[in-house]
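Here's a quick briefing on a predicted model. Have a look at the structure first, then we'll go through a helix pair, a sheet and the domains.

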Amino acid sequence: MTDIRAATAAENPIPPAAKRERLSAVKGMNDILPPDSARWEWFEAHVRDVMGVYAYRNIRTPIVEHTALFVKGTGETTDIVEKEMYSFVDRLNGEQLTLRPENTPGVVRAAIEHNLTYDGGKRLFYMGPMFRHERPQRGRYRQFYQLGAEALGFAGPEVDAELMLMVAQLFARLGLKQVRVELNSLGVLAERLQHRAALVEYFGRHFDALDADSQRRLQTNPLRILDTKNPLMQDLVQGAPQLLSFLGETSLKHFDQVKALLSACGVAWRVNPRLVRGLDYYSHTVFEFITDELGAQGTLCGGGRYDGLFETLGAKPTPAVGWGMGIERVLELIQVQAEALAVPAPDAYAVIPEAAALGLALPTLQALRLAGVAVQMHAGADAGMGSMKSQFKKADASGARFALVFGGDELAQGVVTIKSLRDGSGAQVTCALADVAQWASTLQSTR
Ligand code: ATP
Ligand code: MG
């Protein structure tokens with residue numbers, strides 16, 4: 001193979017600026033820039049807090065997994081696997097790989113690989129990018145971020161409830177109010193098979209009224225017909241047999257307990273009999289947190305119990321339940337959050353009149369940062385540092401409370417001048433370079 005880079009460089013010396021090709025981000029994949037990134041950090045801080053108080057621990061799995069993991073773990077007949085995955089062949093070893101479209105399969109794979117549940121259940125959470133080749137629109141991107149929580153090795157309804165309470169508490173902390181909770185139960189496989197037979201019979205009788213997608217799904221995955229977004233099929237779907245009426249006593253009890261526990265904690269819910277997941281490894285509770293404020297992309301968080309997934313992935317049966325949340329959608333709802341959008345200012349701006357001062361200034365700044373002081377250093381040694389006036393202008397624009405002046409006179413005496421920028425006093429003190437950490441401690445206490 002020829003080296004494309006070498007060939008292009010030889011034939012095309014650097015073109016004039018006007019003709020240079022500008023590379024842009026891949027369609028549907030977004031840059032998250034300051035100050036907006038502060039909103040993300042604010043969200044992430046709340047997440048860590050909430051996960052901490054529920055005793056969920058952080059797990060980080062690779063972004064790239066074997067394609068087979070998602071084919072099995074997400075499901076061959078899902079939209080994700082049928083048409084949304086970024087899959088590729090590793091050209092060095094021929095492996096079939098995929099950028100993760102969701103993270104539950106990855107977490108379960110890791111749990112199996114490291115035998116995480118050998119000594120009891122594990123409560124885990126993750127945050128990170130997922131990839132799906134969808135039509136980009138508001139609230140729907142090709143690289144998007146999910147927060148997810150998974151409780152592995154717990155069978156009881158109290159853990160289903162706990163996972164939903166955690167979402168409710170996170171939303172409450174974020175100030176989100178107009179979010180409703182919809183629930184359903186998928187029972188167990190035997191119950192679903194009975195329901196499935198009734199569905200096939202019902203939709204079979206109305207075959208001509210089904211759209212092409214649904215006609216195909218009647219064979220592959222009839223439960224998913226209930227999930228159709230086609231308005232022309234809504235009446236037909238309304239009249240279809242409901243899974244809930246096929247549930248036995250044990251399944252109903254599990255569902256009733258989940259509902260009762262949510263109510264006991266003041267979380268309002270509504271049963272939506274059409275909330276379904278078409279895969280065999282799901283069981284019992286499924287739920288969504290929905291807002292009407294984001295149009296068609298109103299599902300903020302979706303989850304449920306997947307007691308059969310460990311077995312599907314070749315491990316011994318292990319009950320599990322979890323959810324995934326679209327972070328962009330949540331942040332879009334939190335448009336105005338003064339706290340979140342406040343651009344953080346450094347504590348101090350280092351004014352360095354001469355490049356010759358850098359050798360003493362930089363170690364001093366290191367000592368300050370080690371003591372927790374946020375310092376923005378004036379940079380410009382390539383162009384003679386710039387005038388004091390322009391440096392003070394930058395100090396002012398940075399929002400810093402103090403200017404640290406590393407002038408020649410100061411350094412000759414082994415001190416730095418600390419000038420107050422924000423209180424109108426213009427007060428200044430000098431501090432021995434060796435004592436800056438001490439000054440830092442007075443700063444911390446007045447912050
Ligand atoms: P939808 O019906 O909106 O396509 P989904 O059922 O495919 O959602 P899940 O796989 O359950 O979604 O993912 C959990 C959450 O991740 C969703 O509720 C949503 O908030 C978010 N999400 C899913 N796909 C995207 C996307 N392409 N861009 C942004 N967020 C997404
Ligand atoms: Mg989707």
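α7 crosses α8 in a left-handed way (left-handed: the near helix is turned anticlockwise from the far one by less than a right angle). Numbering runs from 1 along each chain as written, chains are lettered from A and ligands numbered from 1 in written order. The model is predicted, so local features need pLDDT of at least 70 and side-chain atom pairs pLDDT 80 or more, while totals for chains, interfaces and linings use all residues; side-chain values use heavy atoms, without hydrogens and water.

**Helix pair**
- Helices α7 (189-205) and α8 (212-220) have axes that come within 10 Å and cross at roughly 145° (axes are fitted to C-alpha atoms, for helices over the stretch in contact; angles run from 0 to 180 degrees between N-to-C directions).
- Helices are DSSP runs of H or I with at least four residues, and strands are E runs of at least two, numbered from the N terminus.
- Arg196, Val200, Phe203 and Gly204 of α7 touch Leu218, Gln219 and Thr220 of α8 (contact: heavy atoms within 4.5 Å).

**Sheet**
- Three strands form an open sheet, ordered β2-β4-β3 with antiparallel pairing (pairing takes at least two DSSP bridges).
- β2 (64-66) and β3 (86-89) are edge strands with a single partner each, so one side of each lacks a neighbour in the sheet.
- Three bridges link β2 to β4 (96-99), and His66 has Leu97 as its bridge partner in β4.

**Domains**
- Domain 1 covers 36-187 + 247-337 and domain 2 covers 348-443 (bounds come from an automatic or database assignment).
- Their C-alpha centres are 48 Å apart.
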